[in-house]
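The structure is shown below.

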Amino acid sequence: MTEQQEQTAEDAMMTRIGQAVMLHHGGDREEAQGRFLGLWGEIGEDGDPLHRCTLAHYMADTQEDPSAELAWDLRALSAADELTDARLHEHHRSLAVRGFYPSLHLNLAADYLKLGRPEAARSHLRRARGAVGALEDDGYGDGIKAAIARLEREVGEGGEEG
């Protein structure tokens, strides 16, 4: 019974994060940001890695300042490093932690490029490219691969799609 109650609480947090994401995608960046900050206060720096990774990943997208965006993307990566497939499977059976890394490193590469740090951007692009084997051949995977290729061309990394 306690395990079921804990699972419901975890699912509720993911639902609340998803609601804030929908606000942001609907154009209400400030409201989404406020909700993310409130949820971050509930989750805490040492909270569930799935919650921290998910929230930080989306919170980064609400930032106007590239330094703040980088800080949130680094939090997402750090949380992913603590996340296990077992925990992820509690949320959704088809997900694997390794599938998070192409997007996380792509975001960091974009952050570093915005901050005028092309070498750091290239480093994360190489990590993103090295992790694309974890992606499915579907719309999401194809989109991430295409975004990596675009950013590689922008920084002169010279990677290939696929």
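Helices α6 and α8 pack with their axes 10 Å apart and at an angle of about 30 degrees; axes are lines fitted to C-alpha atoms, for helices over the stretch in contact, and angles run from 0 to 180 degrees between N-to-C directions. Angles under 35 degrees count as roughly parallel and over 145 as roughly antiparallel, with 65 to 115 roughly perpendicular and the rest oblique, and α6 and α8 are therefore roughly parallel to each other. On the α6 side the contact (heavy atoms within 4.5 Å) is made by P102, S103, L106, A109, A110 and L113, and on the α8 side by Y140, I144, A147, I148, L151, E154 and V155. These residues divide into 11 nonpolar, 1 polar and 1 charged, where Ala, Val, Leu, Ile, Met, Phe, Trp, Tyr, Cys and Pro count as nonpolar, Asp, Glu, Lys and Arg as charged, and the others, Gly among them, as polar.

The model is predicted: local features need pLDDT of at least 70 and side-chain atom pairs count only at pLDDT 80 or more, while totals for chains, interfaces and linings use all residues. Residues are numbered from 1 along each chain as its sequence is written, and side-chain values use heavy atoms, with hydrogens and water left out.

Helix α6 also packs on α7, where the axes come within 8 Å and cross at roughly 165 degrees. That makes α6 roughly antiparallel to α7. From α6, Y101, P102, H105, L106, L108, A109, Y112 and L113 meet A120, A121, H124, L125, R127, A128 and A131 in α7. By class, this contact has 12 nonpolar, 2 polar and 1 charged residues.

What does L77 touch beyond residues up to four places away in sequence? Its contacts are Y101, L104, H105 and L108. L77 is located in helix α4 (helices are DSSP runs of H or I, at least four residues, numbered from the N terminus). L77 is buried, with a relative accessible area of 12%; buried means under 20%, exposed over 50% and partly exposed in between, with a 1.4 Å probe and protein chains only.

The largest nonpolar core has 44 residues, and I17, F36, L55 and L104 have the most contacts inside it. Such a core is a set of buried Ala, Val, Leu, Ile, Met, Phe, Trp, Tyr and Cys residues joined through side-chain atoms within 4.5 Å. Helices that each supply at least two residues of this core include α1 (2-25), α4 (66-82), α6 (101-114) and α8 (139-155). Not counting residues up to four places away in sequence, I17 touches F36, L39, I43, H51, T54 and L55.
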